[in-house]
Structures are given as structure tokens and as C-alpha cells.
Amino acid sequence: MILLSGTMGSYAQFITVLLIFVVVLGITAWTTKWIANYQKQQSVNENIQVIETTRIANNKYIQIIRAGGKYMVIAVCKDTVTLLGEIPEEQLKEGSPVQNFNFRELLDKTITKTKAARKEPKENQMHDEK
């Protein structure tokens, strides 16, 4: 009887720890989403927008930004931000470099490419054998 109650106590302790872990994990996920939504709402800005960013060195970037109706090129370093100049809107390339990706679409594309890569060597082997 002592062995049975000790085993049952171990299972109960394991289930309790597992439930606490799941609850903490859920609270963490909810808090992360809440903070992300809060920050997104705080950063909604109609007058200033980063159009494109290019890294040129460690902690050094060149950005094209839109402030009001003007497009400017700035250099962003660790401690400084420097205006490099203005760009007329007509000189900017069409299309937005920032795209909203759907994770499901990216996953499907990756799976399709992986399946195609796996089939190619088999097809090449068939052609080589003939």
C-alpha cells in the first residue's frame, strides 16, 4: 500500500507542476500579446513613417523616411541620427518594401519547395538509369 500511495503522490505532483507550467505559459503568452497590441497602438503615426532600412555596418543604418510630405534619407548610428538629404517622391521605386506576410502562406511555400527539391533527385536518377 505504501508503494501505491507513493506512486500516486508522484503522479499527482507531476500533474500539478504540469498544470502550473501551462497556466504560467498561458499568462505569459497573453501578456506578450497585450503588450504588443499596446505598443502598436502607441506607435500609430500618420505623419512619420519608415519606408526602407538598409544596414551598412554594425549598428549603422541608412533609412528612407517620410515626414509629412517629404522623403528624407537619414543615417542612424549608435548615438547619432544624421540627415543625409531629401529625395523627391518621383525618384522612389514603386511598391512598398514592407510586406504583410501571412505565416501560413510562407509555410506552404516552404513545404512546396522542400517537396520539389526532394522529387528532383529521384527524377534525375530515373533519367540516368534509362
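In the predicted model, four strands form an open sheet in the order β1-β2-β3-β4, and their pairing is antiparallel. Strands β1 (48-57) and β4 (81-87) lie at the edges, each pairing on one side only. On average, and with direction ignored, neighbouring strands of this sheet are turned by 25 degrees against each other. Strands β2 (residues 60-67) and β3 (residues 70-76) run antiparallel and are joined by seven bridges. Within this pairing, I65 has M72 of β3 as its bridge partner.

Helix α1 spans residues 2-42 and includes V22. This residue contributes to a nonpolar surface patch of about 700 Å², which is made by F14, I15, L18, L19, F21, V22 and L25. V22 counts as partly exposed because its relative accessibility is 48%, a value that falls between the limits of 20% for buried and 50% for exposed residues.

Helix α1 also holds W34 and Y38, which are four residues apart, about one turn of the helix. A pair of aromatic rings is described by the distance of the centres and the angle of the planes. One aromatic pair is counted in the model. In this pair, the ring centres of W34 and Y38 are 5.8 Å apart and the planes stand at 15 degrees, so the pair is stacked; the centres have to lie within 6.5 Å for pairing, and the planes under 30 degrees apart for stacking. Both residues fall in the intermediate class of accessibility: W34 is partly exposed because its relative accessibility is 49%, and Y38 is partly exposed with a relative accessible area of 45%.

Technical notes
Residues are numbered from 1 along each chain as its sequence is written. This is a predicted model: local features need pLDDT of at least 70, side-chain atom pairs count only at pLDDT 80 or more; totals for chains, interfaces and linings use all residues. Side-chain values use heavy atoms; hydrogens and water are left out. Two strands pair if DSSP finds at least two bridges between them. Helices (H or I, at least four residues) and strands (E, at least two) are DSSP runs, numbered from the N terminus. Axes are lines fitted to C-alpha atoms, for helices over the stretch in contact, and angles run from 0 to 180 degrees between N-to-C directions. Patches are made of residues with over 30% relative accessible area and no salt bridge: like charges are joined within 9 Å, nonpolar side chains (Val, Leu, Ile, Met, Phe, Trp, Tyr) within 5 Å. Accessible areas come from the Shrake-Rupley method with a 1.4 Å probe; for residues, only the protein chains shown count as cover. A salt bridge is a side-chain nitrogen of Lys or Arg within 4 Å of a carboxyl oxygen of Asp or Glu. Buried means under 20% relative accessible area, exposed over 50%, partly exposed in between (1.4 Å probe, protein chains only). Rings of Phe, Tyr and Trp (its six-membered ring) pair if their centres lie within 6.5 Å; planes under 30 degrees apart count as stacked, over 60 as edge-to-face and the rest as tilted.
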